[in-house]
Amino acid sequence: MREDRVSDTALVAHLRTSLLPQRFPVRREAELEGGAGEAGDAVCFYDHHWPAPSVLSASAVRVAGGDLAAALRAAGIRQLLRALVSTAGSAREALAALAGRVDTTGLDIGLLVLDVVTGRASGAACGKAAAVLPRADGAGETVLAAGDILWLSAGDVAASPAGAAAPLEGIAALVRGRVGGERPGAACALLFKARGRLARETAFSIGNTHGDIQMAAQKVRRFLEMHGAGEADVTGIDVALDEILTNVVNYGFEDGEAHEIVLALSIASGLLTIEVQDDGRPFDPLGIPAPDIEADLESRQIGGLGMHFVRTLLDRVTYSRRNGWNVLKLEKHLVEEAEKAL
């Protein structure tokens with residue numbers, strides 16, 4: 001029988017090393033430093049990743065126990081946290097979702113979710129941990145200003161006080177002064193430097209199901225809000241897209257198979273352009289006759305009222321057929337919230 005020469009100690013050491021992220025890249029929006037203690041009775045790590053192009057998540061974690069089972073648990077918690085942050089709306093929601101799926105006994109977690117474009121940040125903690133955000137409200141959320149420092153800690157690490165200023169030697173000094181030695185724990189310090197630049201265009205695809213329509217609406221709303229669109233415009237576009245996508249899903253495909261619907265959005269000089277593309281049967285919704293608003297319900301053209309609302313809510317709608325795809329182009333001049341308030 002072959003002797004197993006791989007010790008648990010070596011495996012735990014390897015897993016501890018694999019838990020640490022790559023060094024945070026140089027970015028104009030934020031600077032992040034982290035560290036973790038090497039105590040034998042716990043597995044400690046910090047992590048950072050980008051679940052979306054403008055969204056940064058960071059965490060500091062301590063998992064009780066220094067054996068192989070604890071190291072494997074820590075690796076699983078790291079991946080689960082990343083997945084939950086990608087789908088949750090805030091740090092608090094992500095930790096609540098975690099607690100609903102795993103036993104959090106022996107877990108200390110400080111979690112941060114930051115949108116570097118809007119400056120909106122949320123923090124939450126469980127166990128012996130802290131998420132310190134300047135001017136945080138009761139839900140652990142805030143809007144950051146340039147120069148703000150955020151702090152995460154887990155385990156036997158002293159939290160940095162809210163409103164602390166960055167040391168002359170940089171935020172790495174905040175972490176070095178608290179992590180290491182015999183203290184089992186982890187910490188992250190984040191310096192918010194400036195809001196990121198907005199992407200002026202985006203594109204994504206959805207499936208041809210009613211559930212995908214809601215997902216598309218959320219993505220479009222987020223894109224519009226990031227660009228400061230007023231609530232009236234956001235709501236109108238949401239109603240128009242719901243009508244258009246519902247028609248595509250209900251009537252565009254005759255084979256019963258899964259299909260892709262592509263949405264491309266761009267903003268230039270306040271003009272929003274949305275192209276909705278599908279490879280269903282050729283159909284020009286603009287060919288539906290305008291409804292007779294005065295007629296009774298039984299006499300009205302089916303589908304005409306919905307497209308009437310679409311035309312009313314948008315400034316221009318055009319249709320074309322390109323390479324086997326229906327292409328509906330929507331245009332709307334947006335009114336920003338700041339402009340509307342004048």
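Leaving aside neighbours within four places in sequence, with which residues is Ser 59 in contact? In this predicted model, the partners of Ser 59 are Phe 45, Tyr 46, Asp 47, Leu 81, Gly 110, Leu 111, Leu 152 and Cys 188.

## Ser 59 and the largest cavity

Ser 59 belongs to strand β3, and its relative accessible area of 5% means that it is buried, the cut-off for that class being under 20%. Ser 59 is also one of the residues that line the largest cavity, together with Asp 47, His 49, Ser 57, Ala 58, Arg 78, Leu 81, Arg 82, Val 85 and Leu 111.

Strands β2 and β3 and helix α2 are the elements that give two or more residues to the lining of the largest cavity, with α2 giving the most, namely four residues.

## Helix α2

Helix α2 runs over residues 68–87, and its 20 residues reach 29 Å from the first C-alpha to the last, close to the 28 Å expected at 1.5 Å a residue. Its buried residues are Ala 70, Ala 71, Ala 74, Ile 77, Arg 78, Leu 81, Leu 84 and Val 85. Seen down the axis of α2, these buried residues fall within an arc of 150°, so they line one face of the helix.

On the other side of α2, Ala 69 and Thr 87 are exposed. The cover over the buried residues of α2 includes helices α1 (8–19) and α3 (91–99), together with strands β2 (42–52), β3 (55–64) and β4 (107–115).

## Helix α5 and the largest pocket

The largest pocket has a volume of about 1,500 Å³ and is lined by 45 residues, of which Ser 54, Val 55, Asp 115, Arg 222 and Met 226 lie nearest its centre. At least two lining residues come from each of β2, α2, β4, β5 (120–126), β7 (141–143), β10 and α5, and it is α5 that gives the most to this lining, with nine residues.

The 17 residues of α5 should span 24 Å at 1.5 Å a residue, and its end C-alpha atoms, which are 25 Å apart, agree with that expectation. In α5 the buried residues are Asp 212, Ile 213, Ala 216, Ala 217, Val 220, Phe 223, Leu 224 and Met 226, and they pack against β10, α6, β11 and β12. Just after α5, Gly 228 takes a positive phi of about 80°.

Not counting residues up to four places away in sequence, Leu 330 touches Leu 241, Ile 244, Leu 272, Thr 273, Ile 274, Val 276, Leu 314, Arg 316 and Val 317.

## Ile 149 in strand β8

Ile 149 lies in strand β8, which covers residues 149–155, and its relative accessibility of 9% places it in the buried class. Leaving aside neighbours within four places in sequence, Ile 149 is in contact with Val 132, Pro 134, Ala 164, Ala 165, Ala 166, Ile 171, Leu 174, Leu 190 and Leu 191. Ile 149 and Glu 31 are 118 residues apart in sequence, while their C-alpha atoms are 9.5 Å apart in space.

## Positive phi in two loops

Most residues other than glycine have a negative phi. Arg 135, although not a glycine, has a positive phi of about 60°; this residue is found in the loop between β6 (129–132) and β7, and at 51% relative accessibility it counts as exposed.

Asn 323, likewise a residue other than glycine, has a positive phi near 50°. Asn 323 lies in the loop between β13 (316–322) and β14, and it is exposed, with a relative accessible area of 80%.

Technical notes. Residues numbered from 1 in each chain as written. Predicted model: local features only at pLDDT ≥ 70, side-chain atom pairs only at ≥ 80, totals over all residues. Heavy atoms only, no water. Expected span 1.5 Å × (residues − 1). Buried < 20%, exposed > 50% of the residue type's maximum accessible area, 1.4 Å probe, protein only. Arc of directions from axis to C-beta. Contact = heavy atoms within 4.5 Å. 1 Å grid on protein atoms, 1.4 Å probe; cavity = no way out; pocket = protein on both sides within 12 Å on 5 of 7 lines; lining within 4 Å. Points joined across faces, edges and corners; volume = space filled by probe spheres on them.
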